[in-house]
Amino acid sequence: MSFDDDFDNDLSEFHAIFFEEAGEHLANLESMLLGLDLNHPDSEKLNAIFRAAHSIKGSASTFGFPDMAAVTHDLETLLDRVRKQELALSERIIDITLVARDVLLDQLAAHQGGEAVQPERVDQVIARIRAIAADESNEPSTLASVLSVRWARRRTPWPCSNTSSRSMP
């Protein structure tokens, strides 16, 4: 066995750990997002959501998944503006974060299976995240509409393998 073979085996072990941890971070991110109060978001939860995106970004960069790092970089920027109270948390921000989560899950599955990632979908979600992050007039939604969206999400879960049909907010 050569050095290259040993290195490839070691790298595949690290990839497996990355895939598992990224999946856990994405599950936690969704759970925390759906538990946020739009009118009075908990700063610790906002920080934890930011850290989940930050962790995925760093690991994706380290292990050679630049497409995932690109999505999480822009998502992290948006979430940082929210946690610093430069942008008010809104239904739009929660929705695009969940859409980004779905894209990241698809990217994760593609990388695990050695398949190609859909660059159009990645580009679309990045463009939408940037547009929302740049929107200085981002107003919080009414509580009634947020509750109806949360209820609909909980009643119709999106399985990881069938997320490509979700539309952008």
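Me: Hi! How are α3 and α5 oriented to each other, roughly parallel or roughly antiparallel?
Reply: Hello! This is a predicted model, and in it the axes of helix α3 (residues 66-83) and helix α5 (residues 119-134) make an angle of about 15 degrees. Angles under 35 degrees count as roughly parallel, so α3 and α5 are roughly parallel to each other.

Me: And how far apart are the axes of α3 and α5?
Reply: They lie 9 Å apart. The way α3 passes α5 is a left-handed crossing.

Me: Which residues meet where α3 packs on α5?
Reply: From α3 there are Asp67, Ala70, Val71, Asp74, Leu75, Leu78 and Arg81. Across from them, α5 brings Val122, Val125, Ile126, Ile129, Arg130, Ile132, Ala133 and Ala134.

Me: What kinds of residues are those, by class?
Reply: The contact of α3 with α5 has 11 nonpolar and 4 charged residues, with no polar ones.

Me: Switching topic: at what angle do α2 and α3 cross?
Reply: Helix α2 (residues 43-62) crosses α3 at roughly 155 degrees, and their axes come within 8 Å. An angle over 145 counts as roughly antiparallel, so that is how α2 and α3 run relative to each other.

Me: Is that crossing left-handed or right-handed?
Reply: The crossing of α2 and α3 is left-handed.

Me: Which residues of α2 touch α3?
Reply: Among them are Leu46, Ile49, Phe50, His54 and Lys57 in α2. On the α3 side, the residues include Met68, Thr72, Leu75, Glu76 and Leu79.

Me: How does that contact split by class?
Reply: The contact of α2 with α3 counts 12 nonpolar, 5 polar and 4 charged residues.

Conventions:
Residues numbered from 1 in each chain as written. Predicted model: local features only at pLDDT ≥ 70, side-chain atom pairs only at ≥ 80, totals over all residues. Heavy atoms only, no water. Axes fitted to C-alpha atoms, helices over the stretch in contact; angles between N-to-C directions. Helix = DSSP H or I, 4+ residues; strand = E, 2+ residues; numbered from the N terminus. Parallel < 35°, antiparallel > 145°, perpendicular 65-115°, else oblique. Left-handed = near helix turned anticlockwise from the far one by under 90°. Contact = heavy atoms within 4.5 Å. Nonpolar A, V, L, I, M, F, W, Y, C, P; charged D, E, K, R; others polar.
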